[in-house]
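Colleague: Could you help me learn to read a protein model? I'd like to start with the strands.

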Amino acid sequence: MEYADKIAVVVREDLLPWQKLNVTAFTASGIAGIDGLLGEPYRDADGNIYLPMLRQPVMIYTAPREKMGTLRERALRQGVRFSVYTEELFETSGDEANRAAVCGVPGEKLNLVGMAFYGERKAIDKVVKGLSRHE
């Protein structure tokens, strides 16, 4: 099934494996908060109910350190909604500290290690153009 919109996560390629997974989970959680992106809860044959998930696939890409700022700029130009994860967030403890760590840095100076993008398919494709999917 082809969707008119797209979800893409980009993680910096030089991160440790646990960091890539952590960044993917955190940035995708920002996307999940957008109205209408979560499907219905799951239910098994025994009647157990499970939390809903995003209603469409999430494409995961990697990018070199020097490309992360460019991706941010592209997303801003395209009007794409996105979440960010900076390297400093690996050292913070909790939501308030995370937001303070980002708030204290001008956007163009953020030390980005990951971003999740949501928007119209063509706009997202322009943002992630030239990147490879994560293997």
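Colleague: Which residue in strand 6 stands opposite Val9?

Modeller: Ala116 does: in strand 6, Ala116 stands opposite Val9. Keep in mind that this is a predicted model, where local features need pLDDT of at least 70, side-chain atom pairs count only at pLDDT 80 or more, and totals for chains, interfaces and linings use all residues. Residues are numbered from 1 along each chain as its sequence is written, and side-chain values use heavy atoms, with hydrogens and water left out.

Colleague: In which sense do strand 1 and strand 6 pair?

Modeller: In general, strands of a sheet pair through backbone hydrogen bonds, either parallel or antiparallel. Here strand 1 (residues 5-12) and strand 6 (residues 112-120) are antiparallel, over 7 bridges. Two strands pair if DSSP finds at least two bridges between them.

Colleague: What is the strand order of the open sheet?

Modeller: The order of its 5 strands is 5-6-1-4-7, with mixed pairing. Strand 5 (81-86) and strand 7 (132-133) are the edge strands, each pairing on one side only.

Colleague: How many helices and strands does the chain have?

Modeller: There are 4 helices and 7 strands. Both are DSSP runs numbered from the N terminus: helices are H or I with at least four residues, strands are E with at least two.

Colleague: And how much of the chain is buried?

Modeller: Buried means under 20% relative accessible area, exposed over 50%, and partly exposed in between (1.4 Å probe, protein chains only). In this chain, 37% of the 135 residues count as buried.
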